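Here is a short report on charged residues in one protein model. Keep the structure open as you read.

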Amino acid sequence: MESKIIQIGAEAVILKKGKIIIKRRVPKSYRLSELDGKIRKLRTKSESKLLEKASKIIPVPKILKVNEIKKEIILEFINGKKISKHLDEFNLEKQKEICKSIGISIAKLHDENIIHGDLTTSNIIYVGEKLADKRNREKSLTINLSSGWEGGNKRASASQNFKVFFIDFGLGFISRKIEDKAVDLHLLKEALEAKHFKNWKVLFNSVISGYKFSKNSGKILAQLEKVEQRGRYKEKY
């Protein structure tokens with residue numbers, strides 16, 4: 001079966017082959033060959049570790065194989081709808097529900113000090129009822145939109161009939177810094193405003209309502225305001 005290129009990014013080429021995705025980091029001609037190989041190998045290894053860690057707390061594609069020689073990660077193909085293209089197709093209440101779920105997942109990542117680094121709606125996939133039910137049978141990753149999750153003083157108890165999968169952790173890293181977590185949220189806010197401008201304020205409020213389950217949400221949301229103030233200052237001058 002032939003592989004098909006579905007995306008070409010600055011760092012990698014994404015190929016689809018049947019029910020798998022191949023993320024292959026491409027060589028950079030402006031770097032020394034030996035250095036380039038080491039950098040691509042390191043970033044491939046780093047991303048796979050982040051995905052493994054994230055997979056224990058939120059829905060992400062399963063890693064099928066990591067090939068450090070070819071600098072590629074082979075992942076399962078998630079048969080869903082990319083949020084950036086399809087969020088506006090749902091009614092507003094459904095959009096808010098999806099965004100609250102996104103906020104809960106971001107909170108889970110941040111509580112484990114995982115920074116996505118490229119948190120846009122292009123890197124989140126909505127999976128509807130049938131596949132979500134199948135994945136629930138394979139592994140319990142249930143979310144209760146009216147409560148939190150197992151951890152701290154909060155506990156999850158009920159499930160929902162869809163999932164949101166986070167993809168592309170290529171720019172991700174581990175950090176305990178409040179600033180890094182606030183910037184992650186800021187990126188998503190900008191993406192909502194750019195791609196879903198009609199209801200972006202309501203939708204981001206829904207993200208925040210889910211994110212408030214994070215144990216450090218107060219500090220992070222306060223820092224988010226400072227990040228936005230810096231942005232407004234730059235735009236003014």
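## Ground rules

This is a predicted model, in which local features need pLDDT of at least 70 and side-chain atom pairs count only at pLDDT 80 or more, while totals for chains, interfaces and linings use all residues. Residues are numbered from 1 along each chain as its sequence is written, and side-chain values use heavy atoms, leaving out hydrogens and water.

Helices (DSSP runs of H or I, at least four residues) and strands (runs of E, at least two) are numbered from the N terminus. Buried means under 20% relative accessible area, exposed means over 50%, and partly exposed lies in between (1.4 Å probe, protein chains only).

## A salt-bridge network

Side chains of opposite charge can pair when their charged atoms come close. A salt bridge puts a side-chain nitrogen of Lys or Arg within 4 Å of a carboxyl oxygen of Asp or Glu. The structure holds 12 salt bridges.

One of them joins D168 and K23, at 2.7 Å from N to O. D168 sits in the loop between β9 and β10 and K23 in strand β3, so this pair ties together parts that are 145 residues apart in sequence. K23 is buried, at 8% relative accessible area. D168 is partly exposed, at 28%.

Another salt bridge joins E47 and R25, at 2.9 Å from N to O. E47 belongs to helix α1 (residues 33-54) and R25 to strand β3, so the pair links parts 22 residues apart in sequence. Both E47 and R25 are buried. K23 also reaches E47: their side chains make a polar contact at 2.9 Å. A polar contact is a pair of N or O atoms within 3.5 Å; within protein, one must be able to donate a hydrogen and the other to accept it, and residues adjacent in sequence count only if both atoms are side-chain atoms.

## A pair within one helix

E93 and K96 form a salt bridge, with their closest N and O atoms 3.3 Å apart. They are 3 residues apart in helix α3 (residues 92-111), so about one helical turn separates them. E93 is exposed, at 53% relative accessible area. K96 is partly exposed, at 26%. Back in the network, salt bridges that share partners join K23, R25, E47 and D168.

A polar atom of the D184 side chain lies 3.0 Å from the backbone nitrogen of H116.

## Positive phi angles

Most residues other than glycine have a negative phi. K71 has a positive phi, near 55°. K71 is in the loop between β4 (63-67) and β5 (72-76), and is buried at 14% relative accessibility. D168 also has a positive phi, near 55°. The loop of D168 runs between β9 (163-166) and β10 (173-174).

## A positive patch

K53, K56, R176 and K215 form a positive surface patch. Patch residues have over 30% relative accessible area and no salt bridge, and like charges are joined within 9 Å. K215 lies in the loop between α6 (200-211) and α7 (217-236). K215 is exposed, at 60% relative accessible area.

Technical notes: Patch = residues over 30% accessible without salt bridge, like charges linked within 9 Å, V, L, I, M, F, W, Y side chains within 5 Å. Areas by Shrake-Rupley, 256 points an atom, 1.4 Å probe, with all protein chains shown as cover. Lys, Arg positive; Asp, Glu negative; His and termini not counted. Charge placed at Lys NZ, Arg CZ, Asp CG, Glu CD.
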